Each structure stands twice: as structure tokens, then as C-alpha cells.
Amino acid sequence: MKIAVLPGDGIGPEIVVQAVRVLKALGLNLDLEEAPVGGAAYDVAGHPLPPATLELAKKADAILFGAVGDWKYDTLARELRPEQAILGLRKHLELFANFRPAICYPELTAASSLKPEIIGGLDILIVRELNGDIYFGQPRGIRTSELALFKGAREGFDTMHYSEPEVERIGRVAFEAARKRGKKVCSVDKANVLETSQLWREVMIRVAKDYPDVELSHMYVDNAAMQLVKAPKAFDVVVTGNLFGDILSDEAAMLTGSIGMLPSASLDKNNKGLYEPSHGSAPDIAGKGIANPLATILSAAMMLRYSLGMPAEAERIEKAVQKVLAQGLRTADIFTEGTQKVSTVQMGDAVVAALA
Ligand code: NAD
């Protein structure tokens with residue numbers, strides 16, 4: 001199995017190296033090959049996603065990604081900005097299914113802004129469609145308004161659309177995921193207002209017939225945003241489009257209060273995937289040795305489960321992470337009184353030791 005390792009910028013290299021150590025400690029026969037991406041790639045090759053990096057990503061069985069971006073690249077033209085690398089990889093590899101688990105470990109309930117009884121033990125999965133919706137719909141642009149009330153004024157416009165096969169493929173991904181978990185799918189849309197959502201809902205109902213063991217429910221996105229803070233544990237798998245998923249997955253991530261803990265996966269139709277922490281490159285703490293590597297280590301566990309067919313090894317990593325949390329070890333972002341503050345490397349050491 002070939003793994004493309006793309007550390008990127010900011011804290012990316014510091015946290016990816018810890019995930020690589022954990023993978024190596026499992027003693028698996030993995031061929032790990034590293035390449036620059038983001039600002040680091042711009043510095044050496046003049047482009048955030050150089051052809052050699054893209055080639056490596058294409059031929060690999062999975063990609064372990066750190067994070068990209070740094071304020072020092074803010075003045076570059078948009079197509080040369082580090083963040084274009086992640087958009088380019090999603091597009092070139094047709095990564096259409098984004099998995100964002102939001103898990104609240106019992107030891108970390110204090111990190112959440114919600115009451116412990118509401119958040120403790122949370123384990124939900126947001127499945128977001130990544131390649132369609134209003135983000136990519138045409139036509140779009142800025143034009144002169146023809147509306148009687150605002151005639152002649154500038155107006156911005158975008159187009160929301162989803163085709164039946166697009167909805168079906170993300171629906172099947174969500175139902176398959178639910179089968180391996182709590183067997184419930186909540187499809188989030190805005191079918192009371194949007195035609196796109198009406199079609200989305202019809203397709204979800206049709207797809208659900210092939211999964212009689214999984215319960216399907218529907219929720220409008222405004223209600224879903226409320227329910228995620230009121231009773232998040234009522235959800236199992238949430239499936240939704242690109243726009244709604246962008247907002248809800250960040251909301252779900254922040255429920256747990258510890259962005260440094262949350263992994264994510266973006267998969268293609270063959271379960272090849274890009275695995276990365278849900279957070280960014282955190283330039284404010286880069287190089288200080290204090291970044292939390294657990295989101296990246298847990299992303300490596302997701303890679304073993306979803307792309308490499310090694311669920312037992314994935315579970316070994318997840319159990320090791322739980323063990324270090326139970327031991328009271330904390331990086332600065334999740335530190336609370338009475339626990340032991342450790343560095344990025346010490347957290348990596350502890351996970352490697354816990355694997356044994
Ligand atoms: P961020 O997620 O990088 O940081 C937000 C806050 O969380 C910061 O205070 C940071 O120190 C903290 N934080 C993040 N990860 C942490 C970790 N592992 N351990 C401890 N603390 C952590 O978001 P931002 O500050 O809005 O963005 C910084 C850069 O990252 C920008 O250039 C942005 O474009 C980029 N970004 C990249 C990705 C990606 O690579 N997929 C995603 C989001 C943002």
C-alpha cells in the first residue's frame with residue numbers, strides 16, 4: 001500500500017510526523033512517500049500543487065495530509081495561494097464524500113461550551129457532499145440587476161444544483177457508513193423552500209429502500225443547526241450537501257470544544273481518500289512544539305479503516321488515543337487543571353507507547 005504524505009505548512013509538518021510514527025509503530029507494510037504541498041510547495045516549485053505532488057497523490061492508495069496556509073502567502077494571486085492545493089486535490093481525485101466525525105471523549109467534556117450531560121459521549125458523523133452545490137454551480141457572477149425594485153444596481157448571483165446521480169452516490173456513502181455505526185441517517189435539506197432540496201429528499205427516500213436496516217429521517221437545515229446544540233446525541237449519521245455541510249460540520253466540530261482532536265476524510269467512489277485534521281495550519285503556534293497531533297493521528301486511523309481495509313489497526317490507534325487521554329496527558333489546547341501538559345512530540349511518544 002502506497003501512502004502519499006503531504007505535511008504542508010504551519011503545524012502541518014509537526015503533526016504529520018507524529019502520525020507517521022504511529023503508523024510505523026503498527027509494523028504494517030506501508031510505503032510512505034513525502035511531497036511538498038501548499039506554501040511549502042510554492043516555495044520550492046512555484047505552485048501550491050506541483051505536478052510531481054499531484055502525480056504522487058494520484059498513484060497512492062491514500063493521502064495523509066497536514067494543513068496548508070500561512071499569512072505570508074496572503075498577497076499571492078488566488079490561484080497560487082496554498083489553500084488552492086486542497087481544492088485542486090479534491091477536484092483532480094474526485095473526492096466527493098467528506099466524513100467529519102464529531103466525537104466528545106468523556107475526559108474532554110469540560111472543553112465543550114455545552115453541558116456535560118448534553119455533550120458527554122457524543123459520537124456523530126457528518127457526511128458532506130464535496131464536489132457540487134452552489135459552490136460550483138454555473139452561471140454565477142456579478143451583474144446589473146433587472147429586478148424592478150433594484151434595477152440598475154449591482155447584484156451577485158450563484159446557482160445551486162444537484163443531479164440525481166450526485167445525490168444518490170453521497171446517499172449510498174452515508175447509508176453504508178450508518179450500517180457500520182448506529183444505523184440511522186438524518187438527511188438535512190431545505191426542501192420547504194428549494195427545488196434542489198426537494199429532489200435531494202426524493203432521491204434519499206428512494207436510496208433508503210436499498211437499506212431497510214437503516215432508519216432514514218429528514219430535517220430542515222435551520223432545525224438541524226438548532227438540534228446540534230440542543231440534543232446532538234440524537235444524531236448518528238447526518239448527510240447533507242456542500243453548503244449546508246460546510247456550516248454544520250464546523251458547528252459539530254466546535255461542539256466538542258477541541259478542534260485539535262477531530263479527524264476528517266474525503267473519499268472518492270472507490271474509497272480512495274485524503275485524510276487530514278479538521279483544523280488549519282495554525283500559523284500562530286507553528287514551530288512552538290505545542291500543537292495537538294491527535295486529530296492527525298486519528299485521521300491516520302480513519303485512513304486504515306476506510307481506504308486500506310484495516311479496521312482492527314484503526315481501532316488500535318483509537319484505543320491508544322483514548323488511553324493517553326485517560327492517563328491525563330494533554331497538549332495545551334485541551335489542558336485543564338489537574339491534567340499533565342505535554343508537547344507535540346511527547347503526545348506522539350505517549351500514543352506510540354500506548355499502542356504496545
Ligand atoms: P486554524 O484551524 O489553523 O486555527 C484556529 C485556532 O485553533 C488557532 O488559534 C490555532 O492555534 C488553533 N489550533 C488549530 N489546530 C490546532 C492544533 N492541532 N493544536 C492546537 N491548537 C490548534 O484556523 P485559522 O487560524 O482560521 O487558519 C490558519 C490557516 O490555515 C489559514 O491560512 C487557513 O486558510 C488555513 N486552513 C487550512 C485548512 C486545510 O489545510 N485544510 C483548513 C482550514 C484553514
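Predicted model: local features only at pLDDT ≥ 70, side-chain atom pairs only at ≥ 80, totals over all residues.

Is Lys 183 buried, partly exposed or exposed, and what is its relative accessible area?

Reply: Lys 183 is partly exposed, because its relative accessible area of 35% lies between the 20% limit for buried and the 50% limit for exposed. You will find Lys 183 in the loop that runs between helix 6 (164-179) and strand 8 (184-189). Its backbone deserves a look too: phi of Lys 183 is positive, about 60°, although the residue is not a glycine. Most residues other than glycine have a negative phi, and most peptide bonds are trans.

In the loop between strand 5 (123-129) and strand 6 (141-144) lies Pro 139, which is joined to Gln 138 by a cis peptide bond with omega of about 0°.

Now the chain around these loops. Its secondary structure comes to twelve helices and 14 strands, and 51% of its 356 residues count as buried. The radius of gyration is 21 Å, which agrees with the value near 21 Å for a compact globule of 356 residues. Along the principal axes, the C-alpha atoms fill a box of roughly 65 × 50 × 40 Å. Among contacts with a separation of 6 or more, 75% come from residues 24 or more positions apart.

Terms used: Residues numbered from 1 in each chain as written. Heavy atoms only, no water. Helix = DSSP H or I, 4+ residues; strand = E, 2+ residues; numbered from the N terminus. Buried < 20%, exposed > 50% of the residue type's maximum accessible area, 1.4 Å probe, protein only. Rg over C-alpha atoms; globule rule 2.2 N^0.38 Å. Contact = heavy atoms within 4.5 Å.
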